[in-house]
Number of protein chains: 2
Amino acid sequence: MSSCSNSSFSSDFKESLPLISQAIQDASFVSIDCEMTGDSLLTSFLCLIQSGFESHWMDTPEDRYNKLRQGAMPFNVIQFGLCTFNKKEDSKQYSVHAFNFYIFPRPVNSDATDVRFTCQSSSIDFLINHNFDFNKCFKEGISYMNCDEELHVTKKLEQRHAEAAARDAQRLLSPSRSLHNDLKPGQKQYMQDLRIKITNFVKSSNESLSLDPANAFLRKLTYNLLHGKYPNQIHVQTKTNEKHQQYLLLQKISSKTDVENIEKMRRNSQLGEVQDAVGFAKVIQLLRESEKLIIGHNMLLDLLHMVDKFCAVLPQSYEEFKLLASSVFPQIIDTKVMATLPPLNDIISSSNLSDLLSTVKESPFSSPEIEWADNMDAYGSASSHEHEAAYDAFSTGVCFISMAQYLASKSAENTDDILAHLKPFLNKVNVMRMQDIPFINLDAPDLTPCKNHVFHVTFPSEWKSNDLYQLFFPYGGVQISWVDGTSAFVSLVKKDQASEVLKNLASCTTCRVLKYSEYKAAISDSAAQASKRKMPSSDVDLPKKRRKSSDNNGTSPFNTERSIPTIIEEDEEENRGTAGDQDKEVEEIVENSDAQPKDAKLFEENDSWEQE
Amino acid sequence: MSSCSNSSFSSDFKESLPLISQAIQDASFVSIDCEMTGDSLLTSFLCLIQSGFESHWMDTPEDRYNKLRQGAMPFNVIQFGLCTFNKKEDSKQYSVHAFNFYIFPRPVNSDATDVRFTCQSSSIDFLINHNFDFNKCFKEGISYMNCDEELHVTKKLEQRHAEAAARDAQRLLSPSRSLHNDLKPGQKQYMQDLRIKITNFVKSSNESLSLDPANAFLRKLTYNLLHGKYPNQIHVQTKTNEKHQQYLLLQKISSKTDVENIEKMRRNSQLGEVQDAVGFAKVIQLLRESEKLIIGHNMLLDLLHMVDKFCAVLPQSYEEFKLLASSVFPQIIDTKVMATLPPLNDIISSSNLSDLLSTVKESPFSSPEIEWADNMDAYGSASSHEHEAAYDAFSTGVCFISMAQYLASKSAENTDDILAHLKPFLNKVNVMRMQDIPFINLDAPDLTPCKNHVFHVTFPSEWKSNDLYQLFFPYGGVQISWVDGTSAFVSLVKKDQASEVLKNLASCTTCRVLKYSEYKAAISDSAAQASKRKMPSSDVDLPKKRRKSSDNNGTSPFNTERSIPTIIEEDEEENRGTAGDQDKEVEEIVENSDAQPKDAKLFEENDSWEQE
């Protein structure tokens, strides 16, 4: 298929919802993929250099969550791929629906947030080179808002209508001077013509009159005129025409009920507009309600965006996020976790999605039999759709089935339950480039690997990687993870050398070597101290409404575009556009890559390979 | 014309530069217009509500500069319109070139900033509804970078080549363990095939060999193999093919000179790439060098972006900005300033660009005679191109000529010098919605209007606008400018009532009333105190390289998209999409609009008219 093309269009979206709902209901599982306006994929290494040498090897899952929450959520999801896989009874065949949604959060009304989102040039460049249609996305993309926003907008709307009703009951006149003083000639002429027009309308048998589009000031004059001269005869409301111009609609009224009816219709139509603006979030809601197994590939960013954009703004606390995510999506499996953990990691050499798809097409794997539902065009074997969200979701589903079938074939247990052999992978989400922690556990505590072989080293700013390598040379190879220009984490390849290091380097005069645990305890102490000291003047937790923009002076949240903060690539493999690459492989050669920030060139294209 | 379409394409841009340069050289003046990914135009009033009631009436020019620098610069310029107007000798005719550039800052290499920019949904929606072609912009847009960035990238490039030369002279081997341990079966096969391929290449008469695209790890293995086995026989470099995949190019070498030549060619080609990436900034450079008179309409944001995106990052200091801007563009005129100052403000009722264009087409104005250069398609009278940058630049130029001709006709002095009657408008740039300060003076001190009739009032949080109106009712009408939920500036309509207010309200028990000057002195005192206290721990002025991302914890610069900070609309009139509206008119009715944040609804569509 090339997407269920109908569902790409806003106008047809509402009509497609029942089909989507049915497909989800019938599914044995669904697979998903997001395309975003940025994922910092190509800049992680650059960031490492630009943002103060920071790297991420030593992140805890909580560190990583916070970095992604702050660093990646400003990007927007602009395409969402959803594939439903329905296993036919007594058959190995799957019936598949694939939906490719272009989505774009349009502001529905003046109460709704006029969403600002960040774009990363490299991501935009990547998408346009993979035939992403931005014009279609921005013009026809289905709108969306999360539940927080829906609640806010609905509440505001109800409030406005209550106020309008109160105002109609007892008209409040403003204490302003008359607007009719100092009118310019053109405006005087406009008002003169308007008076005639309205007098004719009142005399006529017409029930309503649409005035020509006019600017705010002229509309305000008109409102004043009508309220002064025809207080109980004409109801006025501002409308927007198809050219996005605002005009006034005048309606004759003869009773209070007339007004109430007009207002009621207006309220219902506005509530309908809000529901239209909730738009694509309804699909995610269907997914939530179905509690179906959701498959993604390297899906941490997808998951964060799905929660943030369509459900609720991500909580500050990592633990709260885990609770929220597992309550929203209680069953998920990440195919990258399957491919990189035992037993499959032994026979899968690259967990990059396109490599994985090639791998599972050959022995010992077997491809699933796919039947496309409802005369959809099938995705053939061609990969020209690569990085279209629905194609990537489909590929993910195919990889999932092939790996699951293989695991089932190796098992003694014979069952039709797709999850039977997949328990070890359930609710684990892959994380990239974190030492010793390959995944986060959504519904269980995370791994806390021993870090006795890791040290925090503080040294003179002149030091480069080579100085650190030489310092630790007697203890075997090390992996360096820069913190800033004068400190780094150093991780021993030979873990048993840790006590030797402590014995010999504790008294080092040019540098200071701390055990990882000592360092973490020290910074958590000083953070606690700092937050105690800062409490009275900090406004971080004040409600938005009271936060003044002057708080931003000199440290504008928008003043950072050209000093990229450190963000982790997580989205879609290390290798967009080239063939395979893996965490493990990158780890193997990280000794060199980490040397980069300090300009110790050990490999001609160090940073280009690290960036992929 | 519908743009000098050739110049829209990156590929043709270089060829068009001489034509553009000639057109600028020949011009009597040029007009410009930018389209951006956001201007907060439609949200200013919303911001006022969302960001803490802040409003901008009492801004000083410095306040405004800082708000725009921080709030609007994260948006990107994606289309630039340039029109050159060449007045023919002994004729009233102008020969016009119009250029419409789609521009997009692509990262040229790994040293260049991967630009992140903010988009505002409403602006994107507005542009797509005015036929902006985002696909063309992102795919074919001319790249750009400012001088700061160009310098940085060039320096980095030279540094890399110096390092490479040093490395070639004395090959540094990495202290890493062998990468060939633990290869997976697929990787082992790859290396085996590679060895055969290279052996055949060495034996053959071919001078070079392009390997197939491969991932970073395999390329790293290949580098190691070649350096180990053919250290002085084969030169290796990483190349990128048209599919954005990376591959290795092997070249046979027989002498040191061979290597030097290859490296020299590589260096030159890379420097050429940087120059291509400077791209559109070269047009602005031509404009700077020409020192021609530059015309814009309501051009403050355009000017800020032109400096920031194509010249140098905007300085923190407003005074420094004024110096920089006047040195870069020594002669500019803003047609909105011309239309809103005496003597023209008497006969121009709306200074909105499309209204202004209509006005100057009729008596007492006369339209200029336009001759389109070089067989360009002329913009007819249709406004279907409205908000295409070149069309808006053209309209601005036409308004300028008409107004200038009118002023000349009223003058006793008879001269052909276009600037003779325009001195009062030179280097003044319009600012929106600032009380008593309609423009900033780029090359002279700004106005400092008397604020004796303005008071800062602090009051209980339950207060709404009506409470303030009632408080000041005895002294005539007031204009309210909210600072936050418990304070506001209040400006008397009857300025002579100021002493009465002070006499009667100084002892008010429910609220505190301060003279504007007292309030400003108090906050500037407390700001000075605060900055003294904060100095040691502040990192605002630390160089970027030393700034750790941990500084962002909890207050991420990217975590603000859904809590919009206050930004002023400035770009393109109050009224995109509807007809006319003016500062002055809005000021006249501001008593009501300011009531909005406190929910005192005095006019049914208060916020919609304010938002335009």
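Axes here are lines fitted to C-alpha atoms, for helices over the stretch in contact. Keep that in mind for the helix pairs. One caution before we start: this is a predicted model.

Let's go to chain A, helices 14 and 15. Helix 14 covers residues 353-360, and helix 15 covers residues 389-410. Their axes are 9 Å apart, and the packing angle is about 40 degrees. That makes helix 14 of chain A oblique to helix 15 of chain A. The crossing of these two helices in chain A is left-handed.

Who touches whom? From helix 14 of chain A come A:L353, A:L356, A:L357 and A:V360. On the side of helix 15 of chain A, they meet A:Y391, A:D392, A:S395, A:T396, A:V398, A:C399, A:S402 and A:M403. By class, this contact between helix 14 and helix 15 of chain A has 8 nonpolar, 3 polar and 1 charged residues.

Now chain B, helices 14 and 15. Helix 14 of chain B runs over residues 353-360, helix 15 of chain B over residues 389-410. They pack at about 40 degrees, axes 9 Å apart. Helix 14 and helix 15 of chain B are therefore oblique to each other. Their crossing in chain B is left-handed. Helix 14 of chain B contributes B:L353, B:L356, B:L357 and B:V360. Helix 15 of chain B answers with B:Y391, B:D392, B:S395, B:T396, B:V398, B:C399, B:S402 and B:M403. The chain B contact of helix 14 with helix 15 divides into 8 nonpolar, 3 polar and 1 charged.

Let me step back to chain A as a whole. Its secondary structure comes to 21 helices and 16 strands. The chain has 612 residues, and 58% of them are buried. How much of the contact in chain A, at a separation of 6 or more, comes from residues 24 or more positions apart? The figure is 76%.

Next, salt bridges. Over all chains, the whole structure has 24.

Pair one is A:K520 with A:D63. Their side chains meet at 3.7 Å, N to O. A:K520 sits in helix 18 of chain A, residues 516-534, and A:D63 in helix 3 of chain A, residues 61-72, so the pair ties together parts 457 residues apart in sequence.

Pair two is A:R267 with A:E158. The closest N and O atoms of this salt bridge are 3.0 Å apart. A:R267 lies in helix 9 of chain A, residues 256-278, and A:E158 in helix 6 of chain A, residues 147-169, so this pair ties together parts 109 residues apart in sequence. A:R267 is partly exposed, with a relative accessible area of 27%. For A:E158 the value is 31%, also partly exposed.

B:K88 counts as partly exposed, at 28% relative accessibility. B:E371 is partly exposed, at 30%.

And the network. Salt bridges that share partners join A:D59, A:R64 and A:K67 into one.

On to helix 11 of chain B, residues 300-310. How many of its residues are buried? The count is 11 of 11.

Last, two loop positions in chain B. B:N241 lies in the loop between strand 6 (234-240) and strand 7 (246-252) of chain B. Its relative accessibility is 18%; the cut-off for buried is under 20%, so B:N241 counts as buried. Leaving out residues up to four places away in sequence, B:N241 touches B:P213 and B:Y247.

The other position is B:D443, in the loop between strand 12 (439-441) and strand 13 (454-458) of chain B. B:D443 is partly exposed, at 47% relative accessible area. Beyond its neighbours within four places in sequence, B:D443 is in contact with B:L426 and B:N427. B:D443 and B:A488 are 45 residues apart in sequence, and 32 Å apart C-alpha to C-alpha.

Terms used. Residues are numbered from 1 along each chain as its sequence is written. Chains are lettered from A and ligands numbered from 1 in the order in which they are written. This is a predicted model: local features need pLDDT of at least 70, side-chain atom pairs count only at pLDDT 80 or more; totals for chains, interfaces and linings use all residues. Side-chain values use heavy atoms; hydrogens and water are left out. Axes are lines fitted to C-alpha atoms, for helices over the stretch in contact, and angles run from 0 to 180 degrees between N-to-C directions. Helices (H or I, at least four residues) and strands (E, at least two) are DSSP runs, numbered from the N terminus. Angles under 35 degrees count as roughly parallel, over 145 as roughly antiparallel, 65 to 115 as roughly perpendicular and the rest as oblique. A crossing is left-handed if the near helix is turned anticlockwise from the far one by less than a right angle, and right-handed if clockwise. Contact means heavy atoms within 4.5 Å. Ala, Val, Leu, Ile, Met, Phe, Trp, Tyr, Cys and Pro count as nonpolar, Asp, Glu, Lys and Arg as charged, and the others, Gly among them, as polar. Buried means under 20% relative accessible area, exposed over 50%, partly exposed in between (1.4 Å probe, protein chains only). A salt bridge is a side-chain nitrogen of Lys or Arg within 4 Å of a carboxyl oxygen of Asp or Glu.
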